[in-house]
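Here is a walk through one protein, written for someone meeting it for the first time. Have a look at the sequence and the structure, and then let us go through them together.

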Amino acid sequence: MARYGYNHHDQAGELRRMVQDTIDKNKAAVPSRRLHTLSVLSGKGGVGKSNIAAGLSFALADYGKRVVLIDADLGMANLDILCGVNNARYNISHLIDGSRNLNEILVHFRTSQRATNQNGAVALLPGGVGLKDIADLDEFDMERLFESLSGLESLSDYLIMDAGAGIHKGVLSFAYASEITLLVTTPEPTSIRDAYGVIKSLGAAAWESIEGVATGLMLVVNMASSSREASEVAERIRLASMQFLGNAPVYLGYVLKDDVIEQSVKGRRIFYRADPDSKASICVRNLAGELLRFCDGANIKPENLPEDEKEGTIKAFFRRLTGNFFAGKK
Ligand SMILES: Nc1ncnc2c1ncn2[C@@H]1O[C@H](COP(=O)(O)OP(=O)(O)OP(=O)(O)O)[C@@H](O)[C@H]1O
Ligand SMILES: [Mg+2]
């Protein structure tokens, strides 16, 4: 950045302004649609993706949104346990092999008493243990999966997918295909470095629109000891990203470190429902609020939707997902 001739202090200020410009640009670019696709992923494992994906789903439901939570971390699925579902009989593998239909598999949760809008709902599509990676499915399996999920188009507002950890194709393809990707990190240096690794692996696709659909890459800092620590972590990642990759993810927000999560996991209840007033639940509610502002912020008319979204968001999502798997795009 020496070409600008600024001193170090000015460079940091300039970078911050560039980051802010990107945020504003990205915010303006995400259109408001009936159905939003959102993937939750991370570089390092065990950073809280599944808890955040589940907590966010219940928080969005409290705001009146109809959410379908999909356990797409196929080999390591555990959202059923986190959500307190005992012995889910069927899972995503039964959709893939065609032996069960969506209605038989979805697990519905009652609306919360504290919901400000009673239209909200959460339904879970459980994963299974030891299933093959989603990237290993053949085109036929994928086709059957997306055909059975396209029924959700008119029944849901948000499709939230727990996509797992790492930089392999099965995880990154979700980021390529989703309208919004939440990249979860903790303040640990190893987690920060791996989050940056994901951003780098995504390459230009993290910022570019895909087939006309603007994608938003957003950071969530989990297990933070304070909002200040979380902001500093996010700022470090964003500045490095801006400096070396020329663009930066939006900082959506943070979740504080809170024992309620571990206790709830042990008690097989989702923390957001077990203790809605806990620090972690309040943070997740704030995240949901920010997300709603982001998604509802820009309003575009249905006739102005990108061409491929007119036939349905789910179809478009799966076409992008399978395109990445099978066309060897990335
Ligand atoms: N905000 C938090 N405060 C305290 N503990 C947390 C928090 N978030 C998650 N944890 C703990 O971290 C553990 C891992 O969380 P979780 O299973 O959601 O992570 P993950 O990223 O989905 O892991 P994996 O990569 O294995 O799928 C949980 O069992 C929980 O005890
Ligand atoms: Mg997980």
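**A guided walk from the inside out**

Let us begin with strand 6 (residues 180–185): six of its six residues are buried, so the strand is largely enclosed by the rest of the structure. A residue counts as buried if 20 or more other C-beta atoms lie within 10 Å of its own, as exposed if 12 or fewer do, and as partly exposed in between, with C-beta atoms placed from the backbone. Strands (E, at least two residues) and helices (H or I, at least four) are DSSP runs, numbered from the N terminus. The side chains of I180, L182 and V184 point one way from strand 6, while T181, L183 and T185 point the other way, and all are buried.

Before going further, please keep in mind that this is a predicted model, in which local features need pLDDT of at least 70 and side-chain atom pairs count only at pLDDT 80 or more, while totals for chains, interfaces and linings use all residues. Residues are numbered from 1 along each chain as its sequence is written, and chains are lettered from A and ligands numbered from 1 in the order in which they are written.

Which strands pair with strand 6? Strand 1 (residues 36–42) pairs with strand 6 in the parallel sense over five bridges, where pairing requires that DSSP finds at least two bridges between two strands. Within this pairing, S39 has T181 of strand 6 as its bridge partner. Strand 7 also pairs with strand 6 in the parallel sense, over six bridges, and there L182 stands opposite M218.

Strand 7 (residues 216–224) also holds M223. The phi of M223 is near 60 degrees, a positive value in a residue other than glycine. M223 counts as buried because it has 21 C-beta neighbours inside 10 Å. N87 also has a positive phi without being a glycine, near 55 degrees. N87 sits in the loop between helix 3 (79–82) and helix 4 (92–96), and with 5 other C-beta atoms within 10 Å it is exposed.

Now for the nonpolar interior. In soluble globular proteins, nonpolar side chains tend to be buried together. Here the largest nonpolar core has 89 residues, and those with the most contacts inside it are L69, I160, V220 and V284. Such a core is a set of buried Ala, Val, Leu, Ile, Met, Phe, Trp, Tyr and Cys residues joined through C-beta atoms within 7 Å. Leaving out residues up to four places away in sequence, I160 touches L38, V40, A53, L56, S57, V67, L69 and I70; two residues are in contact if their C-beta atoms, placed from the backbone, lie within 7 Å.

Helix 7 (residues 169–177) is another enclosed element: eight of its nine residues are buried, so it is largely enclosed by the rest of the structure. Those buried residues are G170, V171, L172, S173, F174, A175, Y176 and A177.

E290 counts as partly exposed because it has 16 C-beta neighbours inside 10 Å. Apart from neighbours within four places in sequence, E290 is in contact with L252 and G253. The C-alpha atoms of E290 and L252 are separated by 6.8 Å, although the two residues are 38 apart along the chain.

Stepping back, the protein has 13 helices and eight strands, and 46% of its 330 residues count as buried.

How far can the picture be trusted? The mean pLDDT is 82, and 79% of the residues reach 70 or more; pLDDT is the predictor's confidence in each residue, from 0 to 100. Among the elements, helix 1 (residues 8–29) has the lowest mean pLDDT (55) and helix 2 the highest (97). Over residues 1–9 the pLDDT is below 50, and this stretch has four contacts in the model beyond near neighbours in sequence. Where pLDDT is low, the predicted coordinates should not be read in detail.
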